[in-house]
Amino acid sequence: SLVLYNSLHIYDDVVNQLQKATGFDLIQCEQIAIIAHTKGKAVVRSGEIPFLERINTVLKEIDIVTEIV
């Protein structure tokens, strides 16, 4: 799973980058960002490591804190 951690990023930047990385709709990206903000982390996506690494690469463009577990 690809996990997004809460950080000091601007909320809209995180949502926009999640959309760019995953192709998810706005509401789904907002939900992920809110969960990460309130609970400290949120699962972005589950799947095969190479697939998750492609998503993670896009998230890392703006230094979003993530981990593949």
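Colleague: Is E61 buried, partly exposed or exposed, and what is its relative accessible area?

Modeller: E61 is partly exposed, with a relative accessible area of 47%. Buried means under 20% relative accessible area, exposed over 50%, and partly exposed in between, using a 1.4 Å probe and protein chains only. This is a predicted model, where local features need pLDDT of at least 70 and side-chain atom pairs count only at pLDDT 80 or more, while totals for chains, interfaces and linings use all residues. Residues are numbered from 1 along each chain as its sequence is written, and side-chain values use heavy atoms, with hydrogens and water left out.

Colleague: Which side chain does E61 meet in a salt bridge?

Modeller: The side chain of K20, at 2.8 Å from N to O. A salt bridge here is a side-chain nitrogen of Lys or Arg within 4 Å of a carboxyl oxygen of Asp or Glu.

Colleague: What does the pair tie together?

Modeller: K20 lies in helix α1 and E61 in the loop between α3 and β3, so the pair ties together parts that are 41 residues apart in sequence. Helices (H or I, at least four residues) and strands (E, at least two) are DSSP runs, numbered from the N terminus. K20 is exposed, with a relative accessible area of 54%.

Colleague: How many salt bridges does the structure hold?

Modeller: It holds 1.

Colleague: Back to α1. What span should it have, and what does the model give?

Modeller: Helix α1 covers residues 11–22, and at 1.5 Å a residue its 12 residues should span 16 Å; the end C-alpha atoms are 16 Å apart, which agrees. The expected span is 1.5 Å times one less than the number of residues.

Colleague: Which residues of α1 are buried?

Modeller: V14, V15, Q17, L18, A21 and T22. Seen down the axis of α1, they fall within an arc of 165 degrees, so they line one face of the helix. That arc is taken over the directions from the helix axis to the C-beta atoms.

Colleague: What do the buried residues pack against?

Modeller: Those of α1 pack against β1 (2–5), α2 (26–39), β2 (41–45) and α3 (49–60). Contact means heavy atoms within 4.5 Å.

Colleague: What follows α1?

Modeller: G23, with a positive phi near 80 degrees.

Colleague: Which residue has a positive phi although it is not a glycine?

Modeller: D63, at about 60 degrees. Most residues other than glycine have a negative phi. D63 lies in the loop between α3 and β3 (66–68), and is exposed, with a relative accessible area of 59%.

Colleague: Now G40. Where does it lie, and what does it touch?

Modeller: G40 lies in the loop between α2 and β2. Not counting residues up to four places away in sequence, G40 touches L4, Y5, N6 and I35. G40 is partly exposed, with a relative accessible area of 29%.

Colleague: And overall, what pattern does the protein follow along the sequence?

Modeller: The pattern is β-α-α-β-α-β, which comes to 3 helices and 3 strands. The radius of gyration is 10 Å, close to the 11 Å that the globule rule gives for 69 residues, so the protein is as compact as a globular protein of that length. That radius is taken over C-alpha atoms, and the rule is 2.2 Å times the number of residues to the power 0.38.

Colleague: What share of the residues is buried?

Modeller: Buried residues make up 33% of the 69.
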